[in-house]
Amino acid sequence: MNKLSLYLGCITPNRYPGIEKATKLCLDRLEIDYADLPGASCCPAPGVFRSFDKATWLALASRNIVLSEEIERDVLTICNGCYGSLVDANNELKNDPALKKSTNAHLDAIGKKFKGTVDVRHIIELLYDEPGPEKIKEMVTRPLDLRVALHYGCHLVKPSKERELGSTEDPRFFDELVEATGAESVNYPDKMACCGAGGGVRSALIDKSLEMLEHKLSRIRDANVDCIVNACPFCHLQFDGGQVEIAEKRGTEYNIPVLHYSQLLGLAFGYSPEELGIDLNLVTNEDFLLKLKGDR
Amino acid sequence: MSSEKIGVYLCRCGGNIGDVVDVEAIADEVSGMNGVAHTNVQDYLCSSAGQGQIESDIKEGLIDRVVIGSCSPKLHLETFRAMAQKAGINPMLLEITNIREQCSWVHEDCEEATRKARGLVKGAVSRMQNLASLNPITKDVKDRALVVGGGIAGITTALEMADEREVILIEKAPYIGGQMIGLSKTFPTLDCSQCILTPKMVAVFNHPNIMLYTQTEVASVEGSAGDYSVTLRRAPRYVDIEACTSCGRCAAKCPKDAIYLPFAQAIPQAYIIDRELCIECGACEKACSAGAIRLDDCEEEIQVDCGAITIATGFESIDPSIIEEYHYKDHPDIITAIEFEEMVSAKSKTGMRLQKTDGTFPERVAFVLCVGSRDFNRGNKHCSKVCCIYSQKQAQLVYKMKPDADVTIFYIDMRSAGRRMEEFYHHTQEIGVNFVRGRVAEVNPLDDKLQVRYEDTLLGEIGEAEFDMVVLCPSLIPSKGSRELADQLGVPVGGDGFIEEKHVKIDPVNTLNQGVFVAGCAVGPKDIHDSVTEAIGAAHKIHQFLGKGTISVSPEKPVISDACDGCGTCALECPYGALTMIGEDGGTPVLDPLSCNTCGICAAVCPQSAIEIANYTREQLKAQAEGILDAGMGVIVYIDPAAYAAADLAGVNRTQYSPLIRFIQVPSIHLLDADIVGHAFESGAGGVMLIEGTTDEALTSRSKDLYSRLKKETKAFKLPIRYSHIETAQYEKLMNLLNVFSEQVAAKAAKKGKKRKEE
Amino acid sequence: MMNQSNTNISDALKDAGLEILTCLQCGTCSGSCPSGRYTGMITRKLVRKARVSTDVLHDPDLWMCTTCYTCQERCPREIKITDAILAIRAIAVHEGIMLPEHRRVSQLVIEYGHAVPINDAVKAKRESLGMEALPETVHKYPEALADVQTLLESCGFDKLVTGAQE
């Protein structure tokens with residue numbers, strides 16, 4: 001595995017810092033070499049920026065990648081949206097000399113140049129690759145007795161031709177990482193369906209976004225799980241903040257705790273929910289927190 | 001042996017050639033060549049006017065040799081040669097050079113295409129100057145036909161031929177009837193499949209001229225058209241077909257249900273043991289009063305001779321699991337249309353009752369069309385043709401079983417083409433079958449129902465509906481083993497996997513191999529009516545082919561000159577044992593032309609260079625290369641007939657490649673030596689390629705050595721030489737190789753040119 | 001990108017490497033769409049409209065796609081539907097058609113370098129976790145933010161999102 005730079009995006013540092021902390025704790029425990037990426041900006045948010053102007057998207061994305069090229073590290077993302085934005089930009093620029101040239105013309109204005117020397121990784125596919133679920137299982141100090149509704153999200157595995165991570169209808173790699181912590185990944189209808197946040201829909205059409213979300217939440221609730229686990233802070237925001245919004249606007253309370261994988265793994269490595277910022281979610285489910293305390 | 005009266009005829013091919021290649025300019029230039037007495041350009045040389053022109057020119061004594069520049073010789077060479085012979089010249093003195101499939105159709109740059117064509121025609125003229133009159137050798141054909149595949153197409157072909165000659169019919173399953181015996185009622189008449197098929201199956205079994213081998217496949221094929229020697233491999237049944245009376249006492253006694261009759265009407269009507277389940281207790285042997293059990297049965301190899309082979313290997317369906325969101329493997333009531341059909345056919349295991357796995361009747365049934373068909377993404381591009389109608393038939397059957405059932409067919413287009421089909425569709429609608437125009441997006445097992453998600457595109461409404469049973473109509477593909485069989489027979493297979501007809505429209509039951517014929521779904525999905533029609537056609541073609549009694553063998557055979565010193569190397573090296581040393585003191589080599597495969601190995605290995613292949617002599621090959629390169633630098637590609645077919649396929653598909661490529665067809669690349677190849681370099685070839693398409697291991701096993709030797713011996717020229725093996729269907733691979741090599745050659749030539757400028 | 005109202009959308013998409021002419025209108029995309037089930041967006045219709053005229057640029061359905069890529073994954077003609085929707089959106093934006101919320105988000109990026117900038121409540125959360133109040137992003141490095149703003153200006157993004165239509 002190459003050395004990594006930790007790319008934070010927006011939502012993790014600016015809304016759910018627990019995910020940032022949990023990620024760092026897990027990477028440290030796994031002895032994975034990562035460094036900060038000072039000065040990184042919005043990836044930029046693919047749902048919006050790719051909907052507005054391709055050149056701008058490529059310019060901002062490539063700048064973030066260049067910061068990592070400059071310190072000779074691959075980019076590690078912890079968010080499907082950032083992953084989609086950066087990995088697609090990276091590939092397009094690497095494969096299209098004309099786009100690379102025009103993007104570098106913009107980067108030139110800030111004295112930077114995209115070379116195409118690093119890769120972009122997502123923490124889920126990275127951990128599956130190395131050390132792998134078997135190794136992670138061995139390192140778990142506190143196996144979790146939890147029923148988990150896993151949400152892969154969209155941009156981790158799609159578009160499949162670019163991602164090359166296998167099946168998009170029934171992938172198993174994230175489930176294996178969850179099961180490595182001792183938790184059970186529970187199957188539920190529309191497990192692979194979108195949370196409804198992406199593509200600028202949550203920003204501009206919040207009510208419709210919440211309808212899509214509620215469909216997922218009701219399926220997840222029917223599956224009788226302890227929590228939802230995701231790989232994307234934007235899905236995390238949608239599931240967490242969205243439950244509060246649904247309670248306000250539509251009157252239904254779901255009260256299902258939402259964890260990013262780094263937080264689930266952090267729990268399995270023995271960290272407390274407070275250390276991992278799980279108690280800072282908008283949906284606080286006391287039963288869940290008690291259960292976690294009880295298991296220690 | 002040069003002549004002064006070569007006629008050069010170039011065809012515009014109605015623009016197919018003429019719009020790209022400036023044939024008039026070439027005719028003009030070539031008219032000045034030594035030996036050319038007359039040139040002529042026509043719009044359609046193959047027309048009676050075109051051929052008539054050549055014929056009269058010969059008869060008038062204007063010309064006595066003919067070079068034609070036109071479409072691939074594979075199409076009309078025989079026709080033209082027959083005309084030439086009729087007009088009074090030796091047919092070998094007429095040759096066609098390919099300026100369509102291998103030139104105008106594959107090069108967009110008109111200037112380059114014309115330059116290439118000019119070279120090809122000049123090369124052909126140079127070659128023609130030196131050609132010899134040869135007389136074809138005839139051999140007797142073996143008047144027996146082999147039919148591979150015992151479905152409706154194979155059965156029909158066999159029955160159509162059996163009154164006239166012996167037919168061997170082989171089938172890999174333990175019973176004949178193919179897919180058709182697994183059908184219930186057949187569209188559009190809804191007559192029962194077994195009722196119309198069983199009499200034919202019985203007729204095959206009883207016909208004195210048909211030898212039926214079940215559980216049998218082709219292991220290997222040797223020989224050539226009209227004279228094949230085929231090794232069949234037959235899997236053991238463990239029951240003697242002749243002795244078995246199908247009384248069933250064995251099955252009653254078997255503790256493991258290992259011995260069974262495939263189904264009640266199976267032909268051969270004999271039991272079979274599944275050795276995986278069998279515990280060898282011998283209960284069946286004890287129970288059998290006919291003494292038919294053969295527990296020591298084993299795999300058998302059977303040698304058969306025949307003159308013609310028919311590929312009637314039919315189709316199978318894909319595994320619909322490739323469309324994961326249809327969850328085929330996740331619920332037992334999501335079935336394929338073939339499983340639906342079996343449930344209500346003679347092969348039924350439910351007493352011909354349509355039922356869910358819980359035994360109840362499915363009240364609400366959905367048919368999902370185009371599962372893996374018309375799918376450029378995950379499935380196959382082609383339409384499977386019969387599903388629109390058979391799904392309607394199956395829907396009609398559901399209504400017959402339960403008039404108030406609820407049946408929906410989800411489709412993209414409802415293709416009810418041809419006679420009686422639209423009326424069938426009308427009837428399906430009027431009995432109440434619901435048609436929803438929308439390709440199913442998902443089939444989800446949900447609670448205890450099956451949820452189908454779709455858009456009703458005619459209403460513009462997204463919907464979800466629940467069903468008790470979902471029938472997936474899967475893409476139909478050639479059956480397993482058909483590609484391997486095609487390779488064994490030297491017959492190309494299309495990009496879609498189906499066997500290639502000789503000509504899609506006007507020669508649909510022949511293949512590129514004279515002695516190999518096709519019928520049925522092996523050559524494309526179709527209904528029973530069309531399979532039977534093709535089978536009757538194939539039987540007729542075979543009858544014509546074998547009926548002649550003889551077949552001409554090409555006369556391009558080794559000729560041994562006086563320079564021979566009787567060393568015997570040729571006889572030793574010949575992979576076919578076609579040369580024998582006869583006489584005292586070692587003797588002189590004598591050729592058996594019918595065993596000879598014109599590989600040319602004898603010519604290449606002779607230490608005295610005393611052997612030349614008639615009409616592929618070193619002089620002729622060198623003259624041809626020289627003529628071709630007279631038009632400027634190019635890549636000379638020596639190509640054998642099997643690979644030549646791939647190059648033609650590229651032309652038919654209009655796959656573009658570098659115009660530097662100049663093919664020289666040879667019977668086999670093994671007749672090449674450093675003298676011939678070196679001369680090509682000397683004449684201006686920027687690179688040389690050897691492309692081999694034959695799958696004959698006797699030859700391909702020597703190709704690596706041939707290549708290393710030629711590379712070494714032409715090292716001094718410092719020019720690239722490459723060898724590649726291409727199967728006939730792999731025209732895209734061939735094109736990639738040609739393009740990559742041409743780029744290398746062009747780059748090298750440019751570098752050299754630059755260097756020369758600098759010097 | 002085109003900036004005339006009589007753009008031929010199919011051609012513009014083709015130039016961007018996105019082919020929509022071979023669409024079968026089979027409806028797999030719509031049937032798969034998680035948004036369509038709730039918003040009334042019919043993916044198939046958007047593709048058809050794009051083939052027919054530039055009216056698609058004004059279609060509100062254009063903005064209901066969450067870019068989940070399910071349609072693109074399943075399309076039997078391998079049409080890059082989601083990418084095409086993104087490209088059509090960009091054409092619309094360049095013609096001044098943009099939802100006000102999206103203009104706001106864009107302004108946030110221009111001002112802060114983040115689509116979702118930090119606030120005081122989260123700064124406190126960060127500190128309670130033992131982290132620095134500001135993350136290692138443009139929030140903490142003003143020169144980096146200045147770089148981002150220069151870049152956005154170079155791309156003409158600031159002008160794009162203020163646009164003719166407010």
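Modeller: Let's start at one residue: B:K718 counts as exposed, with a relative accessibility of 64%. Please keep in mind that this is a predicted model.

Biologist: Happy to start there! Which loop of chain B holds B:K718?

Modeller: B:K718 is a residue other than glycine, and its phi has a positive value, near 55°. Most residues other than glycine have a negative phi. As for its place, B:K718 sits in the loop between α21 (703–713) and β36 (721–725).

Biologist: B:L190 also has a positive phi without being a glycine. Is B:L190 buried or exposed?

Modeller: Phi of B:L190 is about 60°, and the residue lies in the loop between β8 (185–186) and β9 (191–192) of chain B. Buried means under 20% relative accessible area. The relative accessible area of B:L190 is 18%, so the residue counts as buried.

Biologist: Let's zoom out to chain B. What radius of gyration does chain B have?

Modeller: Chain B contains 22 helices and 36 strands, and its C-alpha atoms fill a box of roughly 85 × 70 × 55 Å along the principal axes. For 759 residues, a compact globule would have a radius of gyration near 27 Å. The value for chain B agrees with that: 31 Å.

Biologist: And what share of the 759 residues of chain B count as buried?

Modeller: Among contacts in chain B with a separation of 6 or more, 73% come from residues 24 or more positions apart. The accessible surface comes to about 31600 Å², and 48% of that belongs to carbon and sulfur atoms. Of the 759 residues, the share that count as buried is 57%.

Biologist: Over to chain A, then. Why can chain A be called as compact as a globular protein of its length, and what is its radius of gyration?

Modeller: Chain A has 15 helices and eight strands. The globule rule gives 19 Å for 296 residues, and the chain's own value is close to that, so chain A is as compact as a globular protein of that length. Its C-alpha atoms fill a box of roughly 55 × 45 × 30 Å. The radius of gyration is 19 Å.

Biologist: What percentage of the residues of chain A count as buried?

Modeller: Chain A exposes about 10100 Å², with carbon and sulfur atoms supplying 45% of it. Among its contacts between residues at least 6 apart in sequence, 78% join residues at least 24 apart. The buried part of its 296 residues is 66%.

Biologist: On to the interfaces. Which residues of chain A lose the most area to chain C?

Modeller: The contact involves 60 residues of chain A and 58 residues of chain C. Together the two chains bury about 5100 Å², 64% of it on carbon and sulfur atoms. On the chain A side, 13% of the buried area comes from the three that lose the most: A:N14, A:R15 and A:F52.

Biologist: And which residues of chain B lose the most area to chain A?

Modeller: Here the contact takes seven residues from chain B and nine from chain A. About 500 Å² is buried between them, 37% of it on carbon and sulfur atoms. Three residues make up 67% of what the chain B side buries: B:E324, B:L446 and B:R453.

Terms used. Residues numbered from 1 in each chain as written. Chains lettered and ligands numbered in written order. Predicted model: local features only at pLDDT ≥ 70, side-chain atom pairs only at ≥ 80, totals over all residues. Heavy atoms only, no water. Helix = DSSP H or I, 4+ residues; strand = E, 2+ residues; numbered from the N terminus. Rg over C-alpha atoms; globule rule 2.2 N^0.38 Å. Buried < 20%, exposed > 50% of the residue type's maximum accessible area, 1.4 Å probe, protein only. Contact = heavy atoms within 4.5 Å. Areas by Shrake-Rupley, 256 points an atom, 1.4 Å probe, with all protein chains shown as cover. Buried area = accessible area lost by both parts, 1.4 Å probe.
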